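Hi there,

Here is the structure I promised to pass along. Could you have a look when you get a moment?

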Amino acid sequence: MNDTLKEALDRIQAEPSLKENTLAFLSEKTNGYQRAPATLSHARPLLSLAACLLLVVCLGLWKVWFTPVSVISIDINPSLELELNRFDRVISVEGYNEDGQALADSLSVQFLNYQDALEEILSSETVTDCLAREELLSIAVVDDDTQRQEALLAGVQSCAAGHGPSHCYAADRTALEDAHHAGLSYGKYQAYLELLALDPDITPQQVQTMTMREIRQRIDALSSAAPSTQEESSETQSPGQFGQGNGQGSGHHSGQGNGHHYGWSSES
C-alpha cells in the first residue's frame, strides 16, 4: 500500500507555468533572496567622518601636549634641562653631564607641573648634598614669550628660595642650540662663554665636568689676574651698575644681561 502511494506521488509533475509563477512569487517576497541592508549601513559615512574628525583632534592634542615651548636649565654639578609644554608640564628631562644624567634617570617628574618637578629635583639627595657643600645653583628660564617667561621665572624663584644660594635668570633661545651642540646645558654654556673670554684654551668637555662653583672661581681668579682690564671695565661703568639684576650679592660680576655675567647670593 505504502509503496503504491510513493510511486504515485513520484509520478506527479508540476506544470512549467506553475514552477515559474512560484519562483516569481518567492523572489518578490524575499527580495531576490538577498539580505536587506542593515539600518547601520546608512550611518557608515557619518561614522567614518566622525572617526576622521576624532583622529584629527587627537593628533592636534598630541602635538600641542608634546611640543616644547620652554626650557628650564638647572646647573650645580649635575646639569640637566626640563622641557615644558604650553601647559607648564614637564615633557622631557635631559642630563648634560654624567651626574646630570644619573639624576635625570632617578627622577619621576614626567608630566608634572614644573614647580612640582623643580621641587623634587632641589629636594633630591644629589642636589641637597651639593648645596650642603655650598655649591652654586644656577637656574635659567629659556622662553621667547616675555609674559610666559616672567611667570615661569617667578615660579622658579619661589621654588629655589628655600634651598640656599641660587641665581635664577631669564634667557632667550639664541644660544640654546649652540649649547646643545657643545654638549652643555644652557646655564653651563653661558658660564663656559664667560670663562672662554678669559681662557681661550678652555673646552666644553672640561667645563662639562666642573661644578658651577669651580667655574665661577676660575673666572674670578682669571679676572683678578688681569687688573688693567678690570680697571678699564670699571671706568666705563656708571655708578651702581654692578650688582644689578638677578643674583646680586657677592658682587664679583653684575647680574645684568642674559647670564654671561652674574654674581651670587642667597636670594634667587
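Below is what turned up about the salt bridges.

First, the ground rules: this is a predicted model, where local features need pLDDT of at least 70, side-chain atom pairs count only at pLDDT 80 or more, and totals for chains, interfaces and linings use all residues. Residues are numbered from 1 along each chain as its sequence is written, and side-chain values use heavy atoms, with hydrogens and water left out.

Taking a salt bridge as a side-chain nitrogen of Lys or Arg within 4 Å of a carboxyl oxygen of Asp or Glu, the count comes to 4. Asp88, Asp143 and Arg148 are linked in a network of these. Arg148 is buried at 18% relative accessibility, and Asp143 is buried at 5% (buried is under 20% relative accessible area, exposed over 50%, partly exposed in between, with a 1.4 Å probe and protein chains only).

Next comes Arg216 with Glu194, whose closest N and O atoms are 3.2 Å apart. Arg216 lies in helix 11 (residues 212–224) and Glu194 in helix 9 (residues 186–198), so this pair ties together parts 22 residues apart in sequence. Helices here are DSSP runs (H or I, at least four residues), numbered from the N terminus. Arg216 is buried at 6%, as is Glu194 at 4%.

Finally, Asp199 and Arg218 form a salt bridge at 3.6 Å, N to O. Asp199 sits in the loop between helix 9 and helix 10 (204–208) and Arg218 in helix 11, so the pair ties together parts 19 residues apart in sequence. Asp199 is buried at 15%, whereas Arg218 is partly exposed at 36%.

Best wishes

Terms used: Helix = DSSP H or I, 4+ residues; strand = E, 2+ residues; numbered from the N terminus.
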